[in-house]
Amino acid sequence: MSQPSTHAQRSDVFLLDTERTTWHDETLWFVRQKRDKAVYATPEFQELRQLASDIKDHTLSRLAEYLEQFEAAALANGVRVHWAADAAEHNAIVLDIIRQAGACLVVKSKSMLTEECHLNPHLLAHGVEVIDSDLGERIIQLRGEAPSHVVLPAIHLKKEDVGETFWQHLGTEKGLTDPQQLTEAARLHLREKFLAAEVAISGVNFAVAETGSVVVCTNEGNADLAIGLARVHIACMGMEKLLPRLSDMAVFTRLLTRSATGQPITTYTSHFTRPAPGKEMHVVIVDNGRSQQLGRPDFRASLKCIRCGACMNTCPVYRRSGGHSYDFTIPGPIGAILSPNIDMRQHASLPFASTLCGSCTDVCPVKIDIHTQLYKWRQVLGAEGMLPASKKYSMQLLSRVLARPGLFKLGGEIARLGLRFVPHALSHAPGYNPWAIARELPTPPPQSFRAWYAQQPDQA
Ligand code: SF4
């Protein structure tokens, strides 16, 4: 059977389990509500958002300058800086550092960039064991799955699924579902890996041009433990992660976790500036399509994203279709903007996976105009001839009808009359009108709105 190729087709697979879909929807809505409480308890939140947006706009407008400043400061601190144009270069650089360190076991903290570059399979193929140390990441790694959310990578799984996974891979008791006991089992298992690994790979939440430091935010402290124990630290960062000054961090640390999970602050916010005596620290700065997005005026603001996940938690489409339906490292509304930049044809359906309700834009802590950019991608995809034929021709037909009031009136009369006699099986036929399949149409009114309006006394 061929693989589903559109977001709608992949969503159908997720929607087969209605109980799980409802649970997923409610769980993420709960996180969104926690975010709202944290925001309302911070009176200056809107000012912080504006500041964050301005800082990011400014940084992107001088990105080359700040990257050079960051590199110079990091080199002066004794950090080795590497530049990667794409995922292949990033993976080759990381593998080379690991080989030079003579390591065959690597502990990795959560990093969407390494997911984007498919680093794990690359390292495994070259004989390096790589262990994800974030609990959610480790669970999906054991299951051979991709993260379904940027902050909560295993949010699509219930505790029963985790119990089953740990029973299969970690030898826990069958049927164990107690989160505390499952966490303990993962802790014991990961501790051995932390102690044995000579190389630690981390993501980067922010990089400070002024100091040449990278900042890693985690709730589990796994990055700190791994980096503290290993001899070599490799920090992998997208080139858009920069902030000009250390003082800018004050704005972003207040926004990040409030927007992500509703916490006032991330449990661990660690600054890594220089290697400890006798150790090595490397930073790999990755482009992988970011320069191209920077050069697209309508979409460059998407590079302001700090990966808080708030747009996913609020999105009615994401909550009911699951992160895997996006088939891209970053799911949800922001992923639907970033993905066509990487491969327009492969991800052509994603900008349509939105109601354009604007809720994503409302919650975004860096004020990205997410729903406007989704709408713009639709126009670009249409102009590039990447709409499915059914959508393309029906939209052309509709625009002709809407441009001619007489034709619209006639169409309305035919529809009102026709719908009374069209059998239910035809109006809900699969393949003919997917929108109607899950809905019942209301009884058509006897007259058009225009006719009704003309009869109103004030209009006489
Ligand atoms: S687009 Fe905005 S809301 Fe969505 S993950 Fe990025 S920063 Fe958060």
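A charge is said to sit over a ring if NZ of Lys or CZ of Arg is within 6 Å of the ring centre and within 35 degrees of the ring normal. In this predicted model, the charged end of Lys-391 sits over the ring of Phe-352, at 4.2 Å from the ring centre. A second case involves Lys-174, whose charged end sits over the ring of Trp-167, 3.8 Å from its centre.

**Domains**

The protein chain is divided into domain 1, residues 42-288, and domain 2, residues 406-455. Taken over C-alpha atoms, the centres of domain 1 and domain 2 are separated by 53 Å.

**Aromatic rings**

A pair of aromatic rings is described by two values, the distance of the centres and the angle of the planes. Searching the whole structure gives five aromatic pairs. Two of them are set out in the table.

| Pair | Centre to centre | Angle between planes | Arrangement |
|---|---|---|---|
| Phe-206 and Phe-252 | 5.5 Å | 50° | tilted |
| Phe-299 and Trp-377 | 4.2 Å | 10° | stacked |

Why is the pair of Phe-206 and Phe-252 called tilted? The planes of these two rings stand at 50°, and an angle counts as stacked under 30 degrees and as edge-to-face over 60, so the pair falls into the remaining class. Phe-206 lies in strand S5 (residues 206-208) and Phe-252 in helix H12 (residues 249-260), so the pair ties together parts that are 46 residues apart in sequence. Both of these phenylalanines, Phe-206 and Phe-252, are buried.

Are Phe-299 and Trp-377 buried or exposed? Both are buried.

Elsewhere, Phe-449, Trp-452 and Tyr-453 form one aromatic cluster.

**Cysteines and the ligand**

A disulfide is a covalent bond between the sulfur atoms of two cysteines. How many disulfides does the count come to? The count is zero. Cys-117 is in no disulfide, and the nearest cysteine sulfur, that of Cys-236, is 7.8 Å away. Because a disulfide requires two cysteine sulfur atoms within 2.5 Å, the sulfur of Cys-236, at 7.8 Å from the closest one in Cys-117, is too far for a bond. Cys-117 counts as buried because its relative accessibility is 3%. Cys-236 likewise counts as buried, at 1% relative accessibility.

The ligand is surrounded by 13 residues, and the closest are Cys-305, Cys-308, Gly-309, Cys-311 and Cys-364. By class, this shell has eleven nonpolar residues, one polar and one charged.

**Positive phi angles**

Asn-288 is not a glycine, yet it has a positive phi of about 45°. Asn-288 lies in the loop between strand S10 (280-286) and H13. Its relative accessibility is 16%, so Asn-288 counts as buried, because the cut-off for that class is under 20%.

Asp-327 is another residue other than glycine with a positive phi, here near 50°. The place of Asp-327 is in the loop between helix H15 (316-321) and helix H16 (332-342). Asp-327 counts as partly exposed because its relative accessibility is 42%.

Notes. Residues are numbered from 1 along each chain as its sequence is written. This is a predicted model: local features need pLDDT of at least 70, side-chain atom pairs count only at pLDDT 80 or more; totals for chains, interfaces and linings use all residues. Side-chain values use heavy atoms; hydrogens and water are left out. Domain bounds come from an automatic or database domain assignment. Buried means under 20% relative accessible area, exposed over 50%, partly exposed in between (1.4 Å probe, protein chains only). A residue is near a molecule or strand if one of its heavy atoms lies within 4 Å of it. Ala, Val, Leu, Ile, Met, Phe, Trp, Tyr, Cys and Pro count as nonpolar, Asp, Glu, Lys and Arg as charged, and the others, Gly among them, as polar. Rings of Phe, Tyr and Trp (its six-membered ring) pair if their centres lie within 6.5 Å; planes under 30 degrees apart count as stacked, over 60 as edge-to-face and the rest as tilted. Helices (H or I, at least four residues) and strands (E, at least two) are DSSP runs, numbered from the N terminus.
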